[in-house]
Amino acid sequence: MRQAEISRKTNETDIFVSVNLDGTGRHAMNTGIGFLDHMLDQLSRHSLIDIDVTAKGDLHIDMHHTAEDVGIALGQAIAKALGDKKGIRRYASCDLAMDGTLTRAALDVSGRPFLVWKVDFTRDKVGDMDTELFREWFQAFAMNAGITLHVETFYADNNHHIAESAYKALARALRDAVEIDPRAADRIPSTKGTL
């Protein structure tokens with residue numbers, strides 16, 4: 001079973017995350033940030049990864065620590081659930097159309113974390129969440145999941161769709177990349193023999 005749990009407690013946040021890579025997209029989110037919960041719901045539903053997140057953070061200061069630390073903990077849980085990565089497809093991408101917005105997420109479950117973020121917002125907030133925190137979340141997630149991740153929005157009709165298309169594109173690409181390839185289920189997908 002490709003499942004994992006992560007508990008992460010700092011002076012700023014207290015977070016619990018559980019994932020099941022072979023789930024159905026069942027999810028329960030409680031971060032204290034409504035829009036982030038909505039994005040994580042989309043991530044779970046469209047990746048078919050079961051995800052539970054409970055976070056208590058210093059929201060009386062702002063949302064930065066909670067958003068970033070949720071990205072860290074979720075990335076760590078994904079990496080732990082992947083184990084040695086035997087049999088995964090490894091590479092995937094998704095062009096995600098959402099009304100007048102088009103976003104691409106391309107990733108490599110490489111063990112070499114990297115983020116390329118070409119996403120521009122025209123407002124400071126979506127809902128009650130600062131738009132600058134989306135990059136922080138994706139950076140934290142990619143670094144801790146051990147993936148190379150490129151996200152680019154080519155054009156957009158509104159800021160809600162920019163954020164949502166980025167999470168949905170990530171979800172669909174992640175779903176394909178972590179899926180077991182039946183033709184190579186016993187192999188690490190690398191000529192090095194390890195990822």
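Let's start inside the structure: phenylalanine 138 is buried, with a relative accessible area of 0%, where buried means under 20% relative accessible area with a 1.4 Å probe and protein chains only. Tryptophan 137 is buried as well, with a relative accessible area of 0%. A word on the ground rules: this is a predicted model, in which local features need pLDDT of at least 70, side-chain atom pairs count only at pLDDT 80 or more, and totals for chains, interfaces and linings use all residues. Residues are numbered from 1 along each chain as its sequence is written, and side-chain values use heavy atoms, with hydrogens and water left out.

Both residues sit in helix 3, whose buried residues also include Leu133, Phe134 and Phe141. Helices here are DSSP runs of H or I with at least four residues, strands are E runs of at least two, and both are numbered from the N terminus. The 14 residues of helix 3 should span 20 Å at 1.5 Å a residue, and its end C-alpha atoms are 21 Å apart, which agrees; the expected span is 1.5 Å times one less than the number of residues. Just after helix 3, glycine 146 takes a positive phi of about 75°.

Now for the rings. Rings of Phe, Tyr and Trp (its six-membered ring) pair if their centres lie within 6.5 Å, with planes under 30 degrees apart counted as stacked, over 60 as edge-to-face and the rest as tilted. By this rule there are 8 aromatic pairs. Tryptophan 137 and phenylalanine 138 have ring centres 5.1 Å apart and planes at 75°, so the pair is edge-to-face.

What does helix 3 lie across? Helix 3 (residues 132-145) lies across strand 7 and strand 10 (148-155). Those strands belong to an open sheet of 4 strands in the order 5-6-10-7, with mixed pairing; two strands pair if DSSP finds at least two bridges between them. Strand 5 (91-98) and strand 7 (114-118) stand at the edges with a single partner strand each, so one side of each is left without a neighbour in the sheet. Strand 5 and strand 6 (residues 101-108) pair in the antiparallel sense over 8 bridges, and leucine 96 stands opposite threonine 103 in strand 6.

Elsewhere, strand 4 (residues 50-57) runs antiparallel to strand 2 (residues 13-20), joined by 8 bridges. Aspartate 14 stands opposite lysine 56 in strand 4. Strand 3 (residues 27-30) runs parallel to strand 4, with 4 bridges, and methionine 29 has valine 53 as its bridge partner there.

Methods: Contact = heavy atoms within 4.5 Å. Axes fitted to C-alpha atoms, helices over the stretch in contact; angles between N-to-C directions. Buried < 20%, exposed > 50% of the residue type's maximum accessible area, 1.4 Å probe, protein only.
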